[in-house]
Amino acid sequence: TAKRDVYFELNGEPRIVSVDDTSVKPEVVARVRADPANKNQLGAPMSGAVVEIKVAVGDKVKAGQAVCVLSAMKMETVVGAPADGVIEALHVAIGDNLGAGDLICLVKTE
């Protein structure tokens, strides 16, 4: 919960009290993390926003083929598939903000 400072005067003395603000809802989205030991999971190499997705669920991909594009500080990074296979699940959408290591997709190897 968020805290708000309330300023008031009591008996001529200025006072400050911190109170919980229950009207504020957290906007933090808990994201699934990629397991570095699992070669079928593709994790974000850096923090950034997803600006383009180049594959869809069910698409066949080759190792290194572009899966999505991340943008951070006006620099774009193309993220490639970890192995040959089929995209089993996508865990991102355009506009999502990712942290380093967040799961982007699952690739089912053939």
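Q: Which residues touch the most other members in the largest nonpolar core?
A: Val67, Leu70, Leu98, Ile104 and Cys105 do, out of 18 residues in that core. A nonpolar core here is a set of buried Ala, Val, Leu, Ile, Met, Phe, Trp, Tyr and Cys residues joined through side-chain atoms within 4.5 Å. Buried means under 20% relative accessible area, exposed over 50%, partly exposed in between (1.4 Å probe, protein chains only).

Q: And which elements give two or more residues to this core?
A: β6 and β10 (103-108), and β6 gives the most, with four residues. Strands (E, at least two residues) are DSSP runs, numbered from the N terminus.

Q: Is this model predicted, or what is it?
A: It is a predicted model, where local features need pLDDT of at least 70, side-chain atom pairs count only at pLDDT 80 or more, and totals for chains, interfaces and linings use all residues. Residues are numbered from 1 along each chain as its sequence is written, and side-chain values use heavy atoms, with hydrogens and water left out.

Q: Back to β6: how many of its residues are buried?
A: Five of the seven residues in β6 (residues 66-72).

Q: What joins β6 to β4 and β7?
A: Four bridges join β6 to β4 (residues 48-53), antiparallel, with Val50 opposite Leu70. Six bridges join β6 to β7 (residues 75-80), also antiparallel, and Ala66 stands opposite Gly80. Strands pair if DSSP finds at least two bridges between them.

Q: What about the turn of the β6-β7 hairpin?
A: Two residues lie between the strands, and Met73 in the turn has a positive phi of about 50°.
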